[in-house]
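Here is my note on the model, point by point. Please read it with the structure open.

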Amino acid sequence: MSLRYASPLSLVLGLILAGCGSPNETPETSVEAPAVGEIPDEEPVSILRPDVEAETKIDDEKPAESFMATIGFPDGGAELDADALATLEQVIGSEQFASSAAIVLRTHSDSAGSDAVNERASQARGLAVAEWLIAAGAEPRRIDVIVFGEQNPAEPNALPDGSPNEDGRAANRRVEVEILASAAASEPSEPSDES
C-alpha cells in the first residue's frame, strides 16, 4: 500500500507538463523491410482483404471496465458505518476486486477545520478503507491511497449566504474507490451512482 499527498502546486505543474512538448517533435519509428527475395514468416493482416482477420488478444485477468464506488463518513470521523460497509461489500463482490488490478483510494474531507486537520481526517478515512479491503483479501501492494483533504469538494461546503452547507459537507467527507481495469489506463471513468 502506498500513501501519497496531492498538493495544489503538484496538480497544476502536472497539468502544465502534460501539455509540454515541441510542436516539431515527431515520434521515431523504424520498420525493417525484408531483404530482397526474403519471404516473411507470416502473412501480414490486410484491412483490404475481408478473408483475413487479425487475432485479438484479450487480457482475461483484468475486466474491461473500472469499478467505482464512493464511501461516505460521519462528521469528523473515520468509522465505517452500515452504509460504508454495504458499499465495501459491493466492492469486494465485483469482478474487478477478484482480479489483480490496482485499487486507488482518493480520500477527501469537508472544509471545517484547518488544512492539517482535514488532511489527517482524509488520511484516516483512506487507511480505514484500505485496512478493511486488506482484511477482505486485497494484497496491500494493490492499494494506492491519495490524500486530498479539502482540495476537491464534490459539493459546496457553504451556502451562498456563507452559512455551512451541511449536506454539501457530508458529501465531501468521502473515500472514492476505483479498481482500475485494462482499458481504464487510457480512458477516464465516470463515478458510479451506487454509493
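1. S3, H4 and S4 make a right-handed β-α-β unit. Right-handed means that, with the strands pointing away from the viewer, the path from the first strand over the helix to the second runs clockwise. Helices (H or I, at least four residues) and strands (E, at least two) are DSSP runs, numbered from the N terminus.

2. A word on the source. This is a predicted model, in which local features need pLDDT of at least 70 and side-chain atom pairs count only at pLDDT 80 or more, while totals for chains, interfaces and linings use all residues. Residues are numbered from 1 along each chain as its sequence is written, and side-chain values use heavy atoms, with hydrogens and water left out.

3. Now the strands. S3 and S4 run parallel and are joined by six bridges; strands pair if DSSP finds at least two bridges between them. Arg106 has Ile146 of S4 as its bridge partner.

4. Strand S4 (residues 143-149) is mostly covered, with seven of its seven residues buried. Buried means under 20% relative accessible area, exposed over 50%, and partly exposed in between (1.4 Å probe, protein chains only). On one side sit Ile143, Val145, Val147 and Gly149; on the other, Asp144, Ile146 and Phe148. Both faces are covered.

5. How far apart are the end C-alpha atoms of helix H4 (residues 115-135)? They are 30 Å apart, which agrees with the 30 Å that its 21 residues should span at 1.5 Å a residue. The expected span is 1.5 Å times one less than the number of residues. Buried residues of H4 include Asn118, Arg125 and Trp132. Just after H4, Gly137 takes a positive phi of about 120°.

6. The salt bridge count comes to three. The rule asks for a side-chain nitrogen of Lys or Arg within 4 Å of a carboxyl oxygen of Asp or Glu.

7. Arg106 and Glu178 meet in one of these (2.9 Å, N to O). The pair links distant parts of the chain: Arg106 is in strand S3 (residues 103-108) and Glu178 in strand S5 (residues 174-179), 72 residues apart. Arg106 is partly exposed at 23%, whereas Glu178 is buried at 7%.

8. Asp110 and Arg173 also form a salt bridge (2.8 Å, N to O). Asp110 lies in the loop between S3 and H4, and Arg173 in the loop between helix H5 (166-172) and S5, so the pair ties together parts that are 63 residues apart in sequence. Asp110 is buried at 5% relative accessibility. Arg173 is buried at 7%.

9. Arg174 pairs with Glu176, the closest N and O atoms being 3.0 Å apart. Arg174 is buried, at 5%.
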